[in-house]
Amino acid sequence: MDILLKYFPHLSNIQREQFEALDSLYTDWNAKINVISRKDIQNLYEHHVLHSLGIAKMISFKPGTRIMDLGTGGGFPGIPLAILFPECRFHLVDSIGKKILVATAVAQSIGLQNITFAHSRAEEVKEKFDFVVSRATMPLADLMRLIRNNIAREQRNALPNGLICLKGGELEHEILPYRRIAMVQCLSDDFTEEYFKTKKVVYVPAKV
């Protein structure tokens with residue numbers, strides 16, 4: 001938890017309690033259903049929770065914003081973001097039922113009221129959202145194709161509606177088709193830990 005308070009010192013008591021509860025919940029669930037590498041579960045807060053909150057360094061979602069987390073796995077980045085932005089609505093989607101089971105159970109255990117879940121493929125989601133977020137490894141072009149019909153026209157945030165994803169490594173080739181409109185933020189500028197040296201947040205506005 002200390003690493004979260006280092007970068008997000010103004011969390012409410014409820015938010016602190018919710019973040020603190022993630023450790024035991026994910027440790028227990030991960031022993032039954034592997035959603036985080038067994039070797040990496042000890043790095044939950046740095047590699048998964050704080051990494052997810054890197055999106056908040058790109059944008060502070062306004063109340064009422066609707067966000068879909070595509071390929072959420074065990075709930076990242078959706079659950080940490082739902083804790084941080086309690087006045088926004090999050091819809092977490094994954095095609096693997098066991099992962100959605102874990103994410104749903106964790107969210108219920110900490111009392112998250114602003115979050116829903118779907119065990120489905122991206123193409124099956126018909127709702128509209130202001131933003132789609134993802135930590136999935138899928139190439140940007142594929143993600144943009146999948147979500148093009150899920151982006152709402154009505155704007156309510158400082159950034160136009162679109163895709164925000166967490167990426168690592170060299171992105172020059174992936175970003176090439178969007179180089180005129182994409183924004184890339186290096187998380188090493190925000191978080192000093194070695195893990196974030198190659199981590200980035202990528203934003204691509206949707207053409208709606």
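Pro77 sits in the loop that runs between strand E1 (66-70) and helix H4 (78-84). The peptide bond joining Phe76 to Pro77 is cis, with omega at about 5 degrees. The model is a predicted one, and the values below are computed from it.

| Helix pair | Axis separation | Crossing angle |
|---|---|---|
| H2 (residues 13-32) and H5 (residues 97-109) | within 10 Å | roughly 150 degrees |
| H2 and H3 (residues 44-53) | 11 Å | about 130 degrees |

How are H2 and H5 oriented to each other? Angles over 145 degrees count as roughly antiparallel, and the axes of H2 and H5 cross at roughly 150 degrees, so H2 and H5 are roughly antiparallel to each other. The crossing in which H2 passes H5 is right-handed. On the H2 side the contact is made by Leu22, Leu25, Tyr26 and Trp29, and on the H5 side by Leu101, Val102, Ala105, Val106 and Ser109. By residue class, this contact of H2 with H5 has eight nonpolar residues, one polar and no charged.

For the pair of H2 and H3, the angle is about 130 degrees, and the two helices are therefore oblique to each other. The crossing of H2 and H3 is also described as right-handed. In H2 the residues Phe19, Glu20, Ala21, Leu22, Asp23 and Tyr26 meet Leu44, Tyr45, Val49 and Leu53 in H3. The contact of H2 with H3 divides into eight nonpolar, no polar and two charged residues. Leu22 and Tyr26 of H2 are among the residues of the contact with H5, and Leu22 and Tyr26 also meet H3.

The remaining feature is the largest pocket. It holds about 440 Å³ of space. Which residues lie nearest the centre of the largest pocket? The lining has 26 residues, and Gly71, Thr72, Gly73, Asp94 and Ala136 are the ones nearest the centre. Strand E2 (89-94) and helix H6 (140-147) are the elements that give two or more residues to this lining. By class, the lining of the largest pocket consists of eleven nonpolar, nine polar and six charged residues.

Notes: Residues numbered from 1 in each chain as written. Predicted model: local features only at pLDDT ≥ 70, side-chain atom pairs only at ≥ 80, totals over all residues. Heavy atoms only, no water. Axes fitted to C-alpha atoms, helices over the stretch in contact; angles between N-to-C directions. Helix = DSSP H or I, 4+ residues; strand = E, 2+ residues; numbered from the N terminus. Parallel < 35°, antiparallel > 145°, perpendicular 65-115°, else oblique. Left-handed = near helix turned anticlockwise from the far one by under 90°. Contact = heavy atoms within 4.5 Å. Nonpolar A, V, L, I, M, F, W, Y, C, P; charged D, E, K, R; others polar. 1 Å grid on protein atoms, 1.4 Å probe; cavity = no way out; pocket = protein on both sides within 12 Å on 5 of 7 lines; lining within 4 Å. Points joined across faces, edges and corners; volume = space filled by probe spheres on them.
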